[in-house]
Protein chains: 2
Amino acid sequence: MHDELKVPPRILLGPGPSIANPRVLKAMTTPMLGYLDADFVEIMDDTVGLLRQVYGTKNSITFPVSGTGTAGMETALTNVIEPGDNVIVGINGYFGNRISDIAERCGATVTPVNAEWGDIIKPEQIADACEKVSPKLVAVVHAETSTGVLQPLEEIIEIAHQHDALFLADCVTSLGGQPVELDERSIDIAYSCTQKCLACPPGLSPISFSDRAVDVIKNRKTKIQSFYMDVTLLEEYWMGDTRKYHHTLSMSLVYALREALRVVVEEGESTRYQRHERNARALIAGAEAIGLEPAAVEGHRVPMLTTLRIPDGVDDATIRKRLIQDFGIEIGGGLGIFAGKAWRIGLMGDAANEQNVLLVLNAIEQLLTEIGHSVETGTAVSAAAAAYQNSNG
Amino acid sequence: MHDELKVPPRILLGPGPSIANPRVLKAMTTPMLGYLDADFVEIMDDTVGLLRQVYGTKNSITFPVSGTGTAGMETALTNVIEPGDNVIVGINGYFGNRISDIAERCGATVTPVNAEWGDIIKPEQIADACEKVSPKLVAVVHAETSTGVLQPLEEIIEIAHQHDALFLADCVTSLGGQPVELDERSIDIAYSCTQKCLACPPGLSPISFSDRAVDVIKNRKTKIQSFYMDVTLLEEYWMGDTRKYHHTLSMSLVYALREALRVVVEEGESTRYQRHERNARALIAGAEAIGLEPAAVEGHRVPMLTTLRIPDGVDDATIRKRLIQDFGIEIGGGLGIFAGKAWRIGLMGDAANEQNVLLVLNAIEQLLTEIGHSVETGTAVSAAAAAYQNSNG
């Protein structure tokens, strides 16, 4: 039990954590500072500034919650929802269900708007639901980590606002991998995580509230049920001239997030988004060449997380175990109703590169060939290589 | 804004974070693993085993919550409290107030048991309150970080149990610095943090629930209001044979905590507790020699955090600013009603050593002398040195 910490080498191509950027890991060796040390407050401010840039927002209330993506989700919901509020939740995957569960724990009456896993929520569905319940909040998942669906947002945001509802987007898998653009899109509430497309270890959840959302929070009739996640208290620590102790931030995680955001900004956001798209196209080209079909509807696929249907007769667990044992590659299994039926291949942050695409395709091809899903050796890699050439051409 | 991360050197002798152990910082550079990777699950199990040892418990439900000490506090309360429950809270400092605030947000009817800041909660006070309200839970702070008072626990635990109430101890500042001994004392619920006496960066909150507490949780009539902190779900991820995804743990913070606990166990718990006591005695001897009086009642002082009354005519902020600017030393100001009236000097974890005691005493003596609180140079250091000699003799 007391042995020195040792971990095996892993190429992390699952749904997160992704491979952490080495600069980010190094930043975490930086010594602690007091939670109100002027030098630390400056680092907090830097982090907020960088976060606003990557989120595409001028929102004052933008900072990382001291917890993982689910803590961000709960912070978002618990601050705006009061008992009895109507909330519309788009559910086309595992995390839509989670939003619904948490909203109910906050006392909301949830109206689910369902779509098949792998499909998007349609604007007319949101419009119908809004007509029925006049919601305080409409919530959807921007990039569903369980299905790999990238939800189009513009139309449903407009519908939500026409009905005077706040609009919430779960950006756990999108931030740093695809444009989020809170202000341009008029997203009122967004949260994300650090361990996916920001290539940072997990532990913080960047969150942002528009002024409209802040107004709703400040005009609550009931107390926010969580103290730890109370944005009115967190604001007094994160923002403004007089910083007031609320909890002791994890300096190490803030150092890490700041460095991760610097890496994003240095690469350039649009370059980074295109890199994720190019690699996803090559991955899908290779996968389709060996008979693996994407589980997310065409035209609405998350470039950072590709779901592939597991062919009949192929045992999910066996293949994933062999990928780890023989190749040191982790890919994700399916969550919820996709368990055993889909693989989730993440190309997130630093991990979105040609080397990883070719490695994982070659490994899967080899394993499928071994169990009789015979294809000509090199089929997947050739198809991916061709896709890269098209991208560059 | 985008400069390389640089932090000034700091000797952290405040209320936490304390100076992180270098082995712990190094552990955080370890690459990520999947949240259900068999190798990571083994690291989780190791961490749980080490935590049980340092907590002095066989409690099955013992693990770090993915948040800071306040998240642990809220997890403890939100899982056992249902709306309308009677909860007795000992309030003799800032964190007793926080327990009360959070318990109320969970729907509890709180009966406060107050004592002066700097004093302990008396068993007869708890007994009286128990007679009046038949509480579901009695909560006190073991080591009050705002006052430096170490609360005696045995008698009030017995009283709580006689009244069939659960007993909760806030061990945020005690774990790793003084014996907590959950099983020997029959403490039902305890939580702590990582950034004080464990000499680890902040970000996790080790928590433990006795079987009695778990029974109460499993027999709730209402749903736990937090999903993120729901122990029945967290148990399915942290414990047992079938691990079930709940949220993505911060691998880096778990690596860090595991390493920090290894350091504690290598030193030996009782050696570590004695080291904290010896250094606190020397600090107080030195402080008293230059006219600084402890703010916590004698016989009940937290060795890891000494509160000193600021003499009349001495400006708190000026002295603390100069300590940072001229000496690179951070000490804590007062919280709540102690703001401007007391200093908090933490000698926690790695920082509890002779070097730091002499440094901080000498620095404070110099600054007080400068503003006219004249004493013979070296008075504080000499008194501390004498105390060390007595300790060793």
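1. The A–B contact. Chain A puts 59 residues into its contact with chain B, and chain B puts in 59 residues too; a contact here means C-beta atoms, placed from the backbone, within 7 Å. Bear in mind that this is a predicted model, in which local features need pLDDT of at least 70, side-chain atom pairs count only at pLDDT 80 or more, and totals for chains, interfaces and linings use all residues. Residues are numbered from 1 along each chain as its sequence is written, while chains are lettered from A and ligands numbered from 1 in the order in which they are written.

2. Who does the touching. On the side of chain A that touches chain B, the elements giving two or more residues are helix 1 (22–27), helix 2 (38–55), helix 3 (69–80), helix 4 (94–105) and helix 10 (251–267) of chain A. Helix 10 of chain A gives the largest share, eight residues. Helices (H or I, at least four residues) and strands (E, at least two) are DSSP runs, numbered from the N terminus. Sorted by class, that side of chain A has 26 nonpolar, 20 polar and 13 charged residues. The nonpolar class is Ala, Val, Leu, Ile, Met, Phe, Trp, Tyr, Cys and Pro, the charged class is Asp, Glu, Lys and Arg, and the others, Gly among them, count as polar.

3. How the copies are related.

4. The chain as a whole. Chain A has 14 helices and eleven strands. Its radius of gyration is 21 Å, which agrees with the value near 21 Å for a compact globule of 393 residues; the radius is taken over C-alpha atoms, and the globule rule is 2.2 Å times the number of residues to the power 0.38. The C-alpha trace of chain A spans about 65 × 55 × 50 Å along its principal axes. Of the 393 residues, 58% are buried, where buried means 20 or more other C-beta atoms within 10 Å of the residue's own, exposed means 12 or fewer, and partly exposed is in between, with C-beta atoms placed from the backbone. Among contacts in chain A between residues at least 6 apart in sequence, 73% join residues at least 24 apart.

5. Two domains. Chain A is assigned domain 1 (21–266) and domain 2 (269–392); the bounds come from an automatic or database domain assignment. Their centres, taken over C-alpha atoms, are 29 Å apart. The contact between them takes 25 residues from domain 1 of chain A and 23 residues from domain 2 of chain A.

6. Helix 6 is worth a look. In helix 6 (residues 154–162) of chain A, the buried residues are Ile156(A), Ile157(A), Ile159(A) and Ala160(A). Seen down the helix axis, they fall within an arc of 160°, so they line one face; the arc is that of the directions from the helix axis to the C-beta atoms. Turned away from that buried side are the exposed Glu154(A) and Gln162(A). The cover over the buried residues includes helix 5 (123–133), strand 5 (137–141), strand 6 (166–170) and helix 7 (182–185) of chain A. Just after helix 6 of chain A, Asp164(A) takes a positive phi of about 65°.

7. Most residues other than glycine have a negative phi, and most peptide bonds are trans. The peptide bond from Gly16(A) to Pro17(A) is cis, with omega near 5°, and Pro17(A) sits in the loop between strand 1 (11–13) and helix 1 of chain A. In chain B, the bond from Gly16(B) to Pro17(B) is cis as well, with omega near 5°. Glu181(B) has a positive phi near 50°; it lies in the loop between strand 6 (166–170) and helix 7 (182–185) of chain B and is partly exposed, with 15 other C-beta atoms within 10 Å. Ala199(B) has a positive phi near 55°, but this residue is buried, with 28 other C-beta atoms within 10 Å.

Notes:
Two residues are in contact if their C-beta atoms, placed from the backbone, lie within 7 Å.
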